[in-house]
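Hi everyone, thanks for coming. Let me put the structure up on the screen, and then we can walk through it together.

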Amino acid sequence: MAHKRLAGLTAGTVIVASALLPQLAHAGTDMDAVAGRATTSGRAHDGYRTVVIYRVPTRHSRTDAELLIDSGYDLLEKRQGNNLFVSGDTSTATGLRRLGFSPAVVTTLTEAILSSAAAPHAVGNTYDGGYHTVTAQYSHMDDTASQHPDLAKVVTYGQSWLKQQGQGGRDLKAICITKIQAGDCALSPNSTKPRFFLMSQIHARELTTGEMSWRWIDALTSGYGKDSAITRLMDTTEMWVVPDANPDGVDMVAAGGDNPVLQRKNADDAHGSQCGVSAYSQIGVDLNRNAGTHWDTSGTSDASCDQTYGGPSGDSEVENTALENLFRELFPAVRTGTGDTDPAPSTAKGMMITMHSDASMVLFPWEYDATVHTGNDTALRALAAHMASQTGYRYGQAGEILYNASGGTDDWTYDKLGLASFTIEIGDSDGVGCDGFTPPYSCQDSYFWPKIEPALLYAAQHAAAPYTSTSAAHR
């Protein structure tokens, strides 16, 4: 039976991007172009439509980015020099010019519009050349725990929106990896070992992030007893991994097979179910704009069909509240002050990284406002600098090098818990042809993992005392 929620579209249709398409197009109505928004209405012909990626030179990068977001454009998480990038169609340039920009076409692509033919669970273990489905990720975690009972334990921490509605959906799962001793992997913030937490695909269309989580799980379990650095880490630290923080969204993506449906948000259509036949306009809530800290203050749309829709209120989404409950069970709340500049104590333990793509950056709080620095800015900046040196990425607060965005995971974990928190925006910083949300699957092992593995290992090694040295980047 056709799954009517598959992309939140009317008439049971799903828009599926070309395998070469790295971004989504912007949606709207024909009147939107007059207001400065991109459109796709009426652009589809014979089951396909044109998608155009624009380079947008900026005058004042921060305010220009905010203007594009506030105007409803699909501003890609990418920057090259003074250029931002917007995905749309042939009419998008008109709207951009009305806002005072001078867009230039980077590439023109074709996107297919196909009828939805099966519920997301009908897909197999891989899609689009090898990317792993939620089914495969969950089986991988279960198999890892079964094969290495002394090293791994799987935990179910909640249910996705669709599952709570009785419409399919998924459990929300994490895996704890360490050399398990008595009391390890318990859902208690008073752990003996420090904890390093890695999560991915909270934005479902960012496929590389889930693959990095898969490889991190394998590197830890296969390296124990063989690799001295990993063995020391496993003996002293708990590694927690959530490979699919937005499993309903990932199911939608994987349902496209070799032409992934580029769903960014979750499946919650309670706030807007008629989002139109367009790739940008989609149901759901952006889970990385929904966290209940500084909610809806920057980089967030109030229009329910927009990519950056932050929901009706902070923490309105079950995927986020379940994840936040898991964080509270794993990490003590040590940042007792409520002011933005109140620090976590230097004795705080633990670290969290949430992976995104594809801006080639290492980001840290505060992401909602780059003019405000945390009380632990020096230590966070030093750790980010070292991870950036390992990956070849830029580093800074989001508004310093990308754009301000509120309601993100790393702001929440730092704000509520004092947890040293980072976002790694995985990307092609070397121009090797591994660009976009759906790069060739071969890029995962040949290009991304050699960059990401040392950064994750370094971060996990500093989970015991992330704030104790301002020269942490040089350890």
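One term before we start: when I say contact, I mean heavy atoms within 4.5 Å. With that in hand, look at Thr-231, which is in contact with Gly-223, Tyr-224, Gly-225 and Lys-226, leaving aside its neighbours within four places in sequence. Thr-231 sits in helix α7, residues 228-236; helices here are DSSP runs of H or I with at least four residues, strands are runs of E with at least two, and both are numbered from the N terminus. Thr-231 counts as buried because its relative accessibility is 17%, and buried means under 20% relative accessible area, with exposed over 50% and partly exposed in between, using a 1.4 Å probe and protein chains only.

A word on where this comes from: it is a predicted model, so local features need pLDDT of at least 70 and side-chain atom pairs count only at pLDDT 80 or more, while totals for chains, interfaces and linings use all residues. Residues are numbered from 1 along each chain as its sequence is written, and side-chain values use heavy atoms, with hydrogens and water left out.

Now the overall picture. The protein has 13 helices and 16 strands, and 62% of its 475 residues count as buried. Of the contacts with a separation of 6 or more, 76% are between residues 24 or more positions apart.

Next, the inside. A nonpolar core is a set of buried Ala, Val, Leu, Ile, Met, Phe, Trp, Tyr and Cys residues joined through side-chain atoms within 4.5 Å. The largest one has 64 residues, and those touching the most other members include Phe-196, Trp-216 and Ile-452. Helix α13, residues 443-461, gives the most to this core, with eleven residues. Apart from it lies another core of 24 residues, among them Val-155 and Cys-185.

Finally, which residue does UniProt list for "active site"? In an unreviewed entry, the record gives Glu-425; its positions are in the numbering used here, feature names are shortened, and annotations may be inferred rather than shown by experiment. Glu-425 is in strand β16, residues 420-426. Is Glu-425 buried or exposed? Glu-425 is buried, because its relative accessible area is 3%. Beyond four places in sequence, its contacts include Glu-77, His-356, Asp-358 and Tyr-393.

That's my tour; happy to go back to any part of it.
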